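Please open the structure in your viewer and keep the selection tool at hand.

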Amino acid sequence: MSNIDGFSNMVYVYDNKLGKWPTLGELVETNKRIILFQHSGPACDGTIGCPAQFHNFYDHVIESSFSVSSIEEMEDSTSCALVLGNGGSRKFFNLNHFLNGAFPDSENAAITNRREFLEQRFALCGEYDVEL
């Protein structure tokens, strides 16, 4: 990160003492436009592993299921169920948007990656309150 001029200065480090995340507007205003998350790696608490700028993904994010295997399942609200991230008490929502299968399917991708399909899915899953 330090090899890219100005990058490190734009990285936001969450302060647990504040208890809330800044808004996008506040991040832009302070020029802290980059938030870094990691998971499946070393502890990222600033003491060992990675630097404090890397936040542990599941300390802050809830996530939808990643076991959806058909377009019909993806169009059903049950595909939005929160399965990881402390039962929905986090501030960010990671919406998994891919179909499980043995091989990638270009026909399914052409459908699920259309703007209209994405907008419908975001609206469907946007009903979940991540600020519990």
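The stops below take the disulfide and then the salt bridges.

This is a predicted model, in which local features need pLDDT of at least 70 and side-chain atom pairs count only at pLDDT 80 or more, while totals for chains, interfaces and linings use all residues. Residues are numbered from 1 along each chain as its sequence is written, and side-chain values use heavy atoms, with hydrogens and water left out.

Begin by selecting Cys 80 and Cys 125, which are joined by a disulfide with an S to S distance of 1.8 Å (a disulfide being a pair of cysteine sulfur atoms within 2.5 Å). The torsion about their S-S bond is about -65°, so this disulfide is left-handed. Cys 80 sits in the loop between helix H3 (71-74) and strand E4 (82-84), whereas Cys 125 belongs to helix H5 (residues 115-125), so the pair ties together parts that are 45 residues apart in sequence; helices (H or I, at least four residues) and strands (E, at least two) are DSSP runs, numbered from the N terminus. Both Cys 80 and Cys 125 are buried (under 20% relative accessible area, with exposed meaning over 50% and partly exposed in between, for a 1.4 Å probe and protein chains only).

Next, select Arg 115 and Glu 119, which both lie in helix H5, 4 residues apart, or about one turn of the helix. They form a salt bridge whose closest N and O atoms are 2.8 Å apart (a side-chain nitrogen of Lys or Arg within 4 Å of a carboxyl oxygen of Asp or Glu). Arg 115 is exposed at 60% relative accessibility, and Glu 119 is partly exposed at 42%.

Finally, select Arg 114 and Glu 116, whose side chains meet in a salt bridge at 3.6 Å, N to O.
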